[in-house]
Each structure stands twice: as structure tokens, then as C-alpha cells.
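Take a look at the structure below. The report then goes through it one topic at a time.

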Amino acid sequence: MFNGSSRRKHEATEQARRRDTNESIEKSMQWTRRVPANAFFCECADPRCDRTVTLTIQEYESVRNRPNHFLIVLNHENPEVETVILEMARFAIVETLTGEASKVALRTDPRALEQPRE
């Protein structure tokens with residue numbers, strides 16, 4: 001099984017994977033010019049979680065303002081590695097705390113990895 005450090009890294013990697021999936025959903029919404037809300041996956045660290053949250057592109061963009069912010073279903077936070085910074089009726093936004101989870105979030109930020117557009 002995982003020790004504390006490797007478990008946190010595994011959880012952070014799971015969050016980053018879900019963030020990547022949600023980035024693809026957003027790009028699809030923009031490509032098809034779909035303005036209404038769409039379902040995004042909960043970005044909690046639980047690999048068994050299959051919950052979704054309905055957000056508009058603007059709401060999703062508010063989550064992506066910082067690479068260590070993640071979208072979650074209410075009450076899906078892990079207080080050992082993140083803190084809730086915003087709680088709405090349909091979703092919450094968490095920020096990873098300093099440590100392995102934050103390092104993984106920053107290192108795997110898809111927006112930082114994108115090539116500059118001309």
C-alpha cells in the first residue's frame with residue numbers, strides 16, 4: 001500500500017488527471033460554442049469518485065485562476081492537504097496546501113504547459 005508521502009502524491013496525481021479531463025470538457029464547450037452550463041468531474045482525490053458538477057465556462061474559469069485550485073463536489077475536500085476557499089450551493093473550490101499536493105498541482109498545470117499562442 002502507500003505510505004503517507006506516496007499516498008499524497010497519488011491523490012495529487014488523481015486530482016491533476018481529473019483537472020486535465022475537465023480542461024478537455026471546457027475546450028469542447030468552447031469549440032462547439034456551447035454557452036450553457038456543462039457537467040465537469042469532481043476533482044477530489046478519491047479515485048472512486050464519479051460525481052459531476054454543473055458549471056458555466058465562467059464559473060469553471062474562476063476555478064482555473066490558480067493552478068493549485070480544484071473543483072469539488074461539496075464535502076469532498078481532504079483537510080490534510082487542502083482547504084476550502086469557496087463554497088457555493090452546487091460546488092466548492094479547494095486550494096492545495098504547501099507540500100506534495102501543491103507541488104504536483106503546479107508541476108502538472110496544463111495551462112502552464114501549453115505553448116504560447118500566436
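Does Arg 18 count as buried, partly exposed or exposed, and at what relative accessibility? Arg 18 counts as buried, at 5% relative accessibility. Keep in mind that this is a predicted model.

Side chains of opposite charge can pair when their charged atoms come close.

## Salt bridges across the chain

The whole structure holds 6 salt bridges. One of them joins the side chains of Glu 43 and Arg 64, at 2.9 Å from N to O. This pair links distant parts of the chain, 21 residues apart. Glu 43 lies in the loop between E1 and strand E2 (52-55), and Arg 64 in the loop between H2 and E3. Glu 43 is buried at 0% relative accessibility. Arg 64 is buried at 8%.

Another salt bridge brings together Arg 66 and Glu 95, at 3.2 Å from N to O. Arg 66 is in the loop between H2 and E3, while Glu 95 is in strand E5, so the pair ties together parts 29 residues apart in sequence. Arg 66 counts as partly exposed, at 41% relative accessibility. Glu 95 counts as buried, at 18%. Shared partners also join salt bridges into one network of Glu 14, Arg 17 and Arg 18.

## The sheet

Strands E3, E5 and E4 form an open sheet, in that order, with antiparallel pairing. Strand E3 (69-72) and strand E4 (82-87) are the edges, and each pairs on one side only. From one strand to the next, the twist averages 35°.

E4 pairs with strand E5 (residues 92-96) over 5 bridges. Look for Leu 86: its bridge partner in E5 is Ile 93.

## One aromatic pair

The count of aromatic pairs is 1. Phe 40 and Tyr 60 are stacked, with 4.5 Å centre to centre and 5° between the planes. Phe 40 is in strand E1 (residues 38-41) and Tyr 60 in helix H2 (residues 57-63), 20 residues apart. Both are buried.

Cys 44 is buried at 2% relative accessibility, and Cys 49 is buried at 13%.

Key
Residues numbered from 1 in each chain as written. Predicted model: local features only at pLDDT ≥ 70, side-chain atom pairs only at ≥ 80, totals over all residues. Heavy atoms only, no water. Pairing = 2+ DSSP bridges. Helix = DSSP H or I, 4+ residues; strand = E, 2+ residues; numbered from the N terminus. Axes fitted to C-alpha atoms, helices over the stretch in contact; angles between N-to-C directions. Phe/Tyr/Trp six-rings, centres within 6.5 Å; stacked < 30°, edge-to-face > 60°. Buried < 20%, exposed > 50% of the residue type's maximum accessible area, 1.4 Å probe, protein only. Salt bridge = Lys/Arg side-chain N within 4 Å of Asp/Glu carboxyl O.
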